[in-house]
Amino acid sequence: MLVAPSSEIGLKTIASIARRMGYRAIGVDVDLCPPSLLKEGSKSAPRLVLFPAKRIRASSPAEAKAALRGLGRQVIVIGIPENRETFRFMSRDSRFDFVEASPELVSEVDSGEAGLLTLSGAYLSFSLKNVVGSYRGLHTFGELVARCRRLSIPLRLYSTAGNEFEMWHPRQVYFLLKLFGAGKEVLLESLSLPAISEKLRRVSVQLDL
Amino acid sequence: MTYELVLVLLLLPALSWLVWHVRRLEKALNSLRKTSLTVAGPTATEARKKRGKRYLVFLLLQEKPERRVEVVGGWITDALKRGLGELEFSLCRPHLIYFSPRRGRGVLRVNKECVAKVITCLSLERRMGNSKVLFVPIRTTGTLKRARKYLFDRQVSS
(Lines give C-alpha, C1' and ligand atoms only; values in the text may rest on other atoms or scores of the structure.)
Protein backbone atom coordinates (compact mmCIF):
# COMPACT_ATOMS: atom_id res chain seq x y z
CA MET A 1 0.00 0.00 0.00
CA LEU A 2 1.24 3.51 -0.74
CA VAL A 3 0.35 6.38 1.57
CA ALA A 4 1.02 10.10 1.39
CA PRO A 5 0.51 11.65 4.85
CA SER A 6 1.52 15.22 5.38
CA SER A 7 2.49 15.06 9.05
CA GLU A 8 4.18 12.81 11.58
CA ILE A 9 0.95 12.29 13.53
CA GLY A 10 -0.84 11.31 10.32
CA LEU A 11 1.90 8.81 9.50
CA LYS A 12 1.77 7.28 12.98
CA THR A 13 -2.02 6.89 12.82
CA ILE A 14 -1.87 5.35 9.37
CA ALA A 15 0.96 3.02 10.38
CA SER A 16 -0.86 1.73 13.46
CA ILE A 17 -4.12 1.17 11.54
CA ALA A 18 -2.25 -0.48 8.65
CA ARG A 19 -0.62 -2.92 11.06
CA ARG A 20 -4.02 -3.81 12.56
CA MET A 21 -5.37 -4.31 9.06
CA GLY A 22 -2.68 -6.90 8.40
CA TYR A 23 -0.26 -5.01 6.17
CA ARG A 24 3.39 -6.02 6.53
CA ALA A 25 4.87 -3.16 4.52
CA ILE A 26 3.65 0.20 3.27
CA GLY A 27 5.25 2.75 1.00
CA VAL A 28 5.41 6.39 2.08
CA ASP A 29 5.59 9.24 -0.43
CA VAL A 30 8.83 11.07 0.40
CA ASP A 31 7.68 14.33 -1.20
CA LEU A 32 5.05 14.75 1.49
CA CYS A 33 6.76 12.88 4.29
CA PRO A 34 10.58 13.13 4.56
CA PRO A 35 12.58 9.95 5.29
CA SER A 36 13.53 11.22 8.75
CA LEU A 37 9.88 10.85 9.77
CA LEU A 38 9.84 7.23 8.63
CA LYS A 39 11.86 6.16 11.65
CA GLU A 40 9.43 7.97 13.96
CA GLY A 41 6.49 6.43 12.14
CA SER A 42 7.87 2.92 12.37
CA LYS A 43 7.95 3.17 16.19
CA SER A 44 4.14 3.27 16.33
CA ALA A 45 3.95 -0.07 14.47
CA PRO A 46 7.11 -2.11 15.18
CA ARG A 47 6.32 -5.06 12.89
CA LEU A 48 5.41 -2.89 9.93
CA VAL A 49 8.06 -2.04 7.34
CA LEU A 50 7.94 1.54 6.05
CA PHE A 51 9.78 2.16 2.82
CA PRO A 52 10.26 5.44 0.96
CA ALA A 53 8.60 5.87 -2.43
CA LYS A 54 9.04 8.68 -4.92
CA ARG A 55 6.20 9.58 -7.27
CA ILE A 56 7.41 11.23 -10.46
CA ARG A 57 4.79 13.06 -12.51
CA ALA A 58 6.00 13.96 -16.00
CA SER A 59 4.52 15.19 -19.27
CA SER A 60 7.54 14.31 -21.41
CA PRO A 61 10.35 11.72 -21.39
CA ALA A 62 12.93 14.51 -20.89
CA GLU A 63 11.10 15.67 -17.76
CA ALA A 64 10.98 12.10 -16.43
CA LYS A 65 14.72 11.60 -17.08
CA ALA A 66 15.54 14.87 -15.30
CA ALA A 67 13.48 13.79 -12.27
CA LEU A 68 15.27 10.44 -12.13
CA ARG A 69 18.70 12.06 -12.08
CA GLY A 70 20.31 11.88 -8.66
CA LEU A 71 17.58 9.67 -7.26
CA GLY A 72 19.75 6.67 -6.59
CA ARG A 73 18.52 3.25 -5.57
CA GLN A 74 17.25 4.25 -2.16
CA VAL A 75 13.62 4.68 -3.08
CA ILE A 76 10.86 2.83 -4.86
CA VAL A 77 10.09 4.85 -8.01
CA ILE A 78 6.53 5.30 -9.24
CA GLY A 79 6.05 7.02 -12.58
CA ILE A 80 2.87 8.98 -13.30
CA PRO A 81 2.77 9.78 -17.03
CA GLU A 82 0.49 12.46 -18.40
CA ASN A 83 0.50 11.40 -22.02
CA ARG A 84 1.04 8.37 -24.21
CA GLU A 85 4.66 9.11 -25.11
CA THR A 86 5.71 9.43 -21.46
CA PHE A 87 3.67 6.32 -20.62
CA ARG A 88 5.66 4.29 -23.14
CA PHE A 89 8.96 5.77 -21.94
CA MET A 90 8.29 4.95 -18.29
CA SER A 91 7.16 1.41 -19.16
CA ARG A 92 10.39 0.86 -21.10
CA ASP A 93 12.75 2.32 -18.48
CA SER A 94 13.84 -0.21 -15.85
CA ARG A 95 14.43 2.52 -13.23
CA PHE A 96 10.68 2.78 -12.71
CA ASP A 97 9.30 0.10 -10.35
CA PHE A 98 5.67 1.06 -10.97
CA VAL A 99 3.95 2.92 -13.77
CA GLU A 100 0.67 4.41 -12.64
CA ALA A 101 -2.13 4.35 -15.19
CA SER A 102 -4.45 7.33 -14.75
CA PRO A 103 -8.11 7.02 -15.90
CA GLU A 104 -7.26 8.98 -19.08
CA LEU A 105 -4.51 6.55 -20.09
CA VAL A 106 -6.39 3.29 -19.50
CA SER A 107 -7.18 3.05 -23.23
CA GLU A 108 -3.40 3.12 -23.94
CA VAL A 109 -2.93 -0.19 -22.10
CA ASP A 110 -2.48 -2.61 -25.00
CA SER A 111 -0.27 -5.48 -26.10
CA GLY A 112 2.59 -3.07 -26.84
CA GLU A 113 2.43 -1.79 -23.28
CA ALA A 114 2.36 -5.37 -21.98
CA GLY A 115 5.55 -6.13 -23.90
CA LEU A 116 7.35 -3.04 -22.59
CA LEU A 117 6.41 -3.81 -18.99
CA THR A 118 7.62 -7.39 -19.37
CA LEU A 119 10.99 -6.18 -20.67
CA SER A 120 11.54 -3.60 -17.96
CA GLY A 121 10.14 -5.72 -15.13
CA ALA A 122 7.90 -2.91 -13.90
CA TYR A 123 4.33 -3.25 -12.65
CA LEU A 124 1.30 -1.40 -13.89
CA SER A 125 -0.36 0.31 -10.95
CA PHE A 126 -3.59 2.17 -10.26
CA SER A 127 -4.43 4.52 -7.43
CA LEU A 128 -7.72 3.66 -5.72
CA LYS A 129 -8.26 7.35 -4.99
CA ASN A 130 -9.61 7.61 -8.56
CA VAL A 131 -12.34 5.13 -7.72
CA VAL A 132 -13.69 6.65 -4.50
CA GLY A 133 -16.64 9.01 -5.00
CA SER A 134 -16.62 8.67 -8.77
CA TYR A 135 -18.60 6.10 -10.73
CA ARG A 136 -16.72 7.12 -13.87
CA GLY A 137 -13.49 6.20 -12.08
CA LEU A 138 -15.06 2.85 -11.23
CA HIS A 139 -15.92 2.30 -14.88
CA THR A 140 -12.35 2.99 -16.04
CA PHE A 141 -11.06 0.74 -13.26
CA GLY A 142 -13.24 -2.07 -14.57
CA GLU A 143 -11.92 -1.50 -18.06
CA LEU A 144 -8.32 -1.58 -16.77
CA VAL A 145 -8.88 -4.86 -14.94
CA ALA A 146 -10.42 -6.41 -18.06
CA ARG A 147 -7.46 -5.29 -20.20
CA CYS A 148 -4.92 -6.58 -17.68
CA ARG A 149 -6.68 -9.96 -17.57
CA ARG A 150 -6.75 -10.23 -21.33
CA LEU A 151 -3.11 -9.18 -21.81
CA SER A 152 -1.73 -10.87 -18.64
CA ILE A 153 -0.31 -7.60 -17.29
CA PRO A 154 0.61 -7.63 -13.59
CA LEU A 155 -1.51 -5.00 -11.85
CA ARG A 156 -0.84 -3.48 -8.44
CA LEU A 157 -3.25 -1.32 -6.49
CA TYR A 158 -2.60 1.22 -3.76
CA SER A 159 -4.63 3.81 -1.91
CA THR A 160 -2.36 6.92 -1.89
CA ALA A 161 -4.07 7.67 1.42
CA GLY A 162 -3.45 11.10 2.95
CA ASN A 163 -5.25 10.14 6.17
CA GLU A 164 -6.66 7.03 7.80
CA PHE A 165 -10.09 7.50 6.16
CA GLU A 166 -8.62 7.06 2.68
CA MET A 167 -7.03 3.68 3.42
CA TRP A 168 -8.16 0.40 1.93
CA HIS A 169 -8.39 -2.83 3.88
CA PRO A 170 -7.01 -5.87 1.93
CA ARG A 171 -10.47 -7.47 1.99
CA GLN A 172 -11.97 -4.37 0.35
CA VAL A 173 -9.42 -4.57 -2.47
CA TYR A 174 -10.02 -8.32 -2.74
CA PHE A 175 -13.80 -7.95 -3.14
CA LEU A 176 -13.44 -4.98 -5.50
CA LEU A 177 -11.25 -7.03 -7.85
CA LYS A 178 -13.44 -10.12 -7.46
CA LEU A 179 -16.50 -8.11 -8.47
CA PHE A 180 -14.73 -7.10 -11.67
CA GLY A 181 -13.93 -10.70 -12.54
CA ALA A 182 -10.26 -10.98 -11.56
CA GLY A 183 -9.05 -14.56 -11.04
CA LYS A 184 -7.73 -15.90 -7.73
CA GLU A 185 -4.03 -15.57 -8.68
CA VAL A 186 -4.55 -11.94 -9.70
CA LEU A 187 -6.43 -11.24 -6.46
CA LEU A 188 -3.62 -12.48 -4.27
CA GLU A 189 -0.81 -10.99 -6.37
CA SER A 190 -2.31 -7.51 -6.38
CA LEU A 191 -2.04 -7.42 -2.59
CA SER A 192 1.61 -8.46 -2.39
CA LEU A 193 4.99 -7.22 -3.59
CA PRO A 194 6.99 -10.34 -4.41
CA ALA A 195 9.37 -9.18 -7.13
CA ILE A 196 10.57 -5.95 -5.58
CA SER A 197 10.93 -7.42 -2.11
CA GLU A 198 14.70 -7.62 -2.68
CA LYS A 199 14.82 -3.87 -3.33
CA LEU A 200 12.53 -3.29 -0.32
CA ARG A 201 14.88 -5.24 1.91
CA ARG A 202 17.82 -3.20 0.68
CA VAL A 203 16.01 0.10 1.09
CA SER A 204 14.65 -0.62 4.54
CA VAL A 205 18.06 -1.80 5.78
CA GLN A 206 19.67 1.41 4.58
CA LEU A 207 17.14 3.37 6.58
CA ASP A 208 17.97 1.26 9.59
CA LEU A 209 14.31 0.32 10.23
CA MET B 1 -94.35 -53.75 -15.08
CA THR B 2 -92.73 -55.07 -18.18
CA TYR B 3 -92.46 -51.59 -19.60
CA GLU B 4 -90.64 -50.31 -16.43
CA LEU B 5 -88.28 -53.26 -16.42
CA VAL B 6 -87.36 -52.61 -20.01
CA LEU B 7 -86.72 -48.93 -19.18
CA VAL B 8 -84.42 -49.83 -16.26
CA LEU B 9 -82.53 -52.33 -18.36
CA LEU B 10 -82.03 -49.71 -21.06
CA LEU B 11 -80.88 -46.95 -18.67
CA LEU B 12 -78.47 -49.12 -16.65
CA PRO B 13 -75.60 -49.18 -19.17
CA ALA B 14 -75.93 -45.45 -19.72
CA LEU B 15 -75.77 -44.85 -15.97
CA SER B 16 -72.75 -47.11 -15.50
CA TRP B 17 -70.95 -45.40 -18.37
CA LEU B 18 -71.66 -42.04 -16.75
CA VAL B 19 -70.30 -43.19 -13.38
CA TRP B 20 -67.16 -44.64 -15.01
CA HIS B 21 -66.59 -41.40 -16.93
CA VAL B 22 -66.96 -39.22 -13.81
CA ARG B 23 -64.48 -41.38 -11.89
CA ARG B 24 -62.00 -41.10 -14.76
CA LEU B 25 -62.30 -37.33 -14.74
CA GLU B 26 -61.82 -37.27 -10.98
CA LYS B 27 -58.61 -39.30 -11.27
CA ALA B 28 -57.27 -37.00 -13.96
CA LEU B 29 -58.03 -33.91 -11.84
CA ASN B 30 -56.26 -35.36 -8.80
CA SER B 31 -53.12 -36.19 -10.74
CA LEU B 32 -53.11 -32.70 -12.30
CA ARG B 33 -53.41 -31.14 -8.86
CA LYS B 34 -50.43 -33.15 -7.60
CA THR B 35 -48.30 -32.19 -10.61
CA SER B 36 -49.09 -28.49 -10.38
CA LEU B 37 -48.23 -28.44 -6.67
CA THR B 38 -44.81 -30.00 -7.37
CA VAL B 39 -43.98 -27.48 -10.10
CA ALA B 40 -45.27 -24.35 -8.36
CA GLY B 41 -43.74 -24.76 -4.92
CA PRO B 42 -40.08 -25.21 -3.91
CA THR B 43 -38.86 -28.24 -2.04
CA ALA B 44 -37.69 -27.85 1.53
CA THR B 45 -34.00 -28.05 0.47
CA GLU B 46 -34.43 -25.40 -2.21
CA ALA B 47 -36.23 -23.10 0.23
CA ARG B 48 -33.42 -23.50 2.80
CA LYS B 49 -30.72 -22.78 0.20
CA LYS B 50 -32.56 -19.68 -1.03
CA ARG B 51 -32.66 -18.26 2.47
CA GLY B 52 -28.79 -18.32 2.72
CA LYS B 53 -27.61 -15.33 4.71
CA ARG B 54 -24.23 -14.01 5.61
CA TYR B 55 -23.35 -11.97 8.68
CA LEU B 56 -20.79 -9.28 7.99
CA VAL B 57 -18.80 -8.08 11.01
CA PHE B 58 -17.44 -4.59 10.41
CA LEU B 59 -15.64 -1.72 12.04
CA LEU B 60 -16.67 1.84 11.28
CA LEU B 61 -13.95 4.44 11.78
CA GLN B 62 -15.50 7.90 12.04
CA GLU B 63 -13.93 11.32 12.12
CA LYS B 64 -16.78 12.57 14.35
CA PRO B 65 -18.17 9.49 16.14
CA GLU B 66 -21.92 9.17 15.60
CA ARG B 67 -23.74 7.97 18.72
CA ARG B 68 -27.10 7.23 17.14
CA VAL B 69 -27.51 3.76 15.68
CA GLU B 70 -30.35 4.82 13.36
CA VAL B 71 -28.07 7.39 11.68
CA VAL B 72 -25.49 4.70 10.95
CA GLY B 73 -28.24 2.38 9.70
CA GLY B 74 -29.56 5.14 7.46
CA TRP B 75 -26.07 5.81 6.07
CA ILE B 76 -25.64 2.12 5.21
CA THR B 77 -29.06 2.01 3.53
CA ASP B 78 -28.41 5.18 1.50
CA ALA B 79 -24.94 4.06 0.48
CA LEU B 80 -26.20 0.69 -0.70
CA LYS B 81 -29.16 2.17 -2.58
CA ARG B 82 -26.80 4.61 -4.35
CA GLY B 83 -24.30 1.94 -5.22
CA LEU B 84 -26.53 -1.02 -6.00
CA GLY B 85 -29.74 0.61 -7.19
CA GLU B 86 -33.20 -0.06 -5.79
CA LEU B 87 -33.63 -3.44 -7.47
CA GLU B 88 -30.36 -4.96 -6.32
CA PHE B 89 -30.85 -3.42 -2.87
CA SER B 90 -34.16 -5.20 -2.44
CA LEU B 91 -32.61 -8.48 -3.65
CA CYS B 92 -29.70 -8.18 -1.21
CA ARG B 93 -31.99 -7.35 1.73
CA PRO B 94 -29.36 -5.86 4.04
CA HIS B 95 -30.28 -5.49 7.69
CA LEU B 96 -28.21 -3.91 10.46
CA ILE B 97 -28.41 -6.47 13.27
CA TYR B 98 -26.15 -4.77 15.81
CA PHE B 99 -23.98 -1.67 16.11
CA SER B 100 -22.02 -0.41 19.11
CA PRO B 101 -21.37 3.37 18.90
CA ARG B 102 -18.72 3.08 21.61
CA ARG B 103 -16.64 0.42 19.83
CA GLY B 104 -17.64 1.34 16.29
CA ARG B 105 -18.31 -2.32 15.49
CA GLY B 106 -21.43 -3.90 14.11
CA VAL B 107 -23.02 -6.82 12.31
CA LEU B 108 -24.80 -6.52 8.98
CA ARG B 109 -26.91 -9.36 7.57
CA VAL B 110 -27.08 -9.73 3.76
CA ASN B 111 -27.96 -12.35 1.18
CA LYS B 112 -25.00 -14.60 0.52
CA GLU B 113 -24.85 -13.73 -3.19
CA CYS B 114 -24.44 -10.04 -2.41
CA VAL B 115 -21.51 -10.03 0.02
CA ALA B 116 -18.90 -8.78 -2.46
CA LYS B 117 -21.22 -6.07 -3.82
CA VAL B 118 -22.20 -4.82 -0.36
CA ILE B 119 -18.59 -4.66 0.86
CA THR B 120 -17.48 -2.85 -2.31
CA CYS B 121 -20.34 -0.32 -2.14
CA LEU B 122 -19.69 0.50 1.49
CA SER B 123 -15.93 0.72 0.85
CA LEU B 124 -16.52 3.38 -1.79
CA GLU B 125 -18.53 5.58 0.56
CA ARG B 126 -16.14 7.70 2.59
CA ARG B 127 -18.45 10.40 3.92
CA MET B 128 -21.30 10.38 6.44
CA GLY B 129 -22.85 13.82 6.34
CA ASN B 130 -19.98 16.21 6.92
CA SER B 131 -17.55 13.79 8.51
CA LYS B 132 -15.23 11.18 7.01
CA VAL B 133 -15.79 7.48 7.60
CA LEU B 134 -14.01 4.25 6.77
CA PHE B 135 -15.92 0.97 6.57
CA VAL B 136 -13.58 -1.91 7.45
CA PRO B 137 -14.91 -5.45 6.86
CA ILE B 138 -13.53 -7.73 9.57
CA ARG B 139 -15.17 -11.09 8.88
CA THR B 140 -18.00 -12.78 7.01
CA THR B 141 -19.72 -15.66 8.80
CA GLY B 142 -22.69 -17.91 8.19
CA THR B 143 -24.16 -17.69 11.67
CA LEU B 144 -24.75 -14.89 14.14
CA LYS B 145 -23.12 -16.94 16.90
CA ARG B 146 -19.80 -17.03 15.03
CA ALA B 147 -20.10 -13.35 14.12
CA ARG B 148 -20.32 -12.43 17.82
CA LYS B 149 -16.84 -13.93 18.37
CA TYR B 150 -15.27 -11.36 16.05
CA LEU B 151 -17.11 -8.37 17.46
CA PHE B 152 -14.63 -7.86 20.26
CA ASP B 153 -11.43 -9.09 18.57
CA ARG B 154 -8.78 -6.32 18.56
CA GLN B 155 -7.19 -7.38 15.29
CA VAL B 156 -9.12 -6.31 12.19
CA SER B 157 -7.08 -8.31 9.69
CA SER B 158 -8.57 -11.39 7.99
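Predicted model: local features only at pLDDT ≥ 70, side-chain atom pairs only at ≥ 80, totals over all residues.
Local features need pLDDT of at least 70 and side-chain atom pairs count only at pLDDT 80 or more, while totals for chains, interfaces and linings use all residues. Residues are numbered from 1 along each chain as its sequence is written, chains are lettered from A and ligands numbered from 1 in the order in which they are written, and side-chain values use heavy atoms, with hydrogens and water left out.

**Exercise 1: the sheet of chain B**

Work out in which order the strands of the chain B sheet lie, and which helix packs on the sheet.

Step 1. Start with the terms: helices (H or I, at least four residues) and strands (E, at least two) are DSSP runs, numbered from the N terminus, and two strands pair if DSSP finds at least two bridges between them.

Step 2. Tracing the pairs in chain B gives an open sheet of 5 strands, E2-E3-E1-E5-E4, with antiparallel pairing.

Step 3. Strands E2 (95–100) and E4 (127–128) of chain B stand at the edges with a single partner strand each, so one side of each has no neighbour in the sheet.

Step 4. Contact means heavy atoms within 4.5 Å.

**Exercise 2: one pair and one residue**

Find how many bridges join E1 to E5 in chain B, then decide whether Ser131(B) is buried or exposed.

Step 1. E1 (residues 53–62) and E5 (residues 131–141) of chain B run antiparallel and are joined by 8 bridges. Phe58(B) has Pro137(B) of E5(B) opposite.

Step 2. Ser131(B) lies in E5 of chain B. Its relative accessible area is 6%, so Ser131(B) is buried (under 20%; exposed is over 50%, partly exposed in between, with a 1.4 Å probe and protein chains only).

Step 3. Beyond neighbours within four places in sequence, Ser131(B) is in contact with Glu63(B), Lys64(B) and Arg126(B).

**Exercise 3: strand E6 of chain A**

Identify the strands that pair with E6(A) and say how E6(A) is enclosed.

Step 1. E6(A) pairs in the parallel sense with E5 (residues 98–100) of chain A over 3 bridges, and with E7 (residues 155–158) of chain A over 4 bridges.

Step 2. In E6 (residues 123–127) of chain A, 5 of the 5 residues are buried, so the strand is largely enclosed by the rest of the structure.

Conventions: Axes fitted to C-alpha atoms, helices over the stretch in contact; angles between N-to-C directions.
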